[in-house]
Amino acid sequence: SLEKLPTSIEEYFSVISRIPKNGKLKAYLSTAYYYRGGESVDMVKAGIKSVEEIIKML
């Protein structure tokens, strides 16, 4: 349910930290989250690529 989803990036990192071998997932999440508000085309492309990789992992 949506009520149980993390409400901040810190909460997402906390959830991810419980997953073994989470390094790539955490890196992709960081890139996807922190590209928000960016204006650089390369930054946006990196964010989109990270989201694609997260989806593949799930």
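## What helix 2 packs against

The buried residues of helix 2 pack against helix 1 (9-16) and helix 3. Helices here are DSSP runs of H or I with at least four residues, numbered from the N terminus. Buried means under 20% relative accessible area, exposed means over 50%, and partly exposed lies in between, with a 1.4 Å probe and protein chains only. This is a predicted model, in which local features need pLDDT of at least 70 and side-chain atom pairs count only at pLDDT 80 or more, while totals for chains, interfaces and linings use all residues. Residues are numbered from 1 along each chain as its sequence is written, and side-chain values use heavy atoms, with hydrogens and water left out.

The buried residues in question are Leu25, Leu29 and Ala32. They fall within an arc of 70° when seen down the axis of helix 2, so they line one face of the helix. The arc is that of the directions from the helix axis to the C-beta atoms. An α-helix has 3.6 residues a turn, so residues three or four places apart point the same way. On the face of helix 2 turned away from the buried side are the exposed residues Lys24 and Tyr34.

## Helix 3 and its two sides

In helix 3, the residues Gly47, Ser50, Glu53 and Ile54 are buried. Their arc around the axis is only 125°, which puts them on the same side of helix 3. These buried residues pack against helix 2. The face turned away from the buried side of helix 3 carries Val41, Asp42, Lys45, Ile55 and Lys56, which are exposed.

Ser50 is buried, with a relative accessible area of 5%. Leaving aside neighbours within four places in sequence, Ser50 is in contact with Tyr28, Thr31 and Ala32. Contact means heavy atoms within 4.5 Å.

## How helices 2 and 3 cross

The axes of helix 2 (residues 23-34) and helix 3 (residues 41-57) come within 8 Å and cross at roughly 145°. Axes are lines fitted to C-alpha atoms, for helices over the stretch in contact, and angles run from 0 to 180 degrees between N-to-C directions. Helix 2 contributes Lys24, Leu25, Tyr28, Leu29, Thr31 and Ala32 to the contact, and helix 3 contributes Ala46, Gly47, Ser50, Val51, Glu53, Ile54 and Met57.

## Helix lengths

The 12 residues of helix 2 should span 16 Å at 1.5 Å a residue, and its end C-alpha atoms are 16 Å apart, which agrees. For helix 3, the 17 residues should span 24 Å at 1.5 Å a residue, and the end C-alpha atoms are 24 Å apart, which also agrees. The expected span is 1.5 Å times one less than the number of residues in the helix.

## The loop residue Tyr35

Tyr35 lies in the loop between helix 2 and helix 3. Tyr35 is partly exposed, with a relative accessible area of 22%. Not counting residues up to four places away in sequence, Tyr35 touches Met43, Val44 and Gly47. Tyr35 and Leu58 are 23 residues apart in sequence and 21 Å apart in space, C-alpha to C-alpha.

## The chain as a whole

The chain has 3 helices and 0 strands, and from the N terminus on its elements run α-α-α. Its C-alpha trace spans about 30 × 25 × 20 Å along the principal axes. Of the 58 residues in the chain, 21% are buried.
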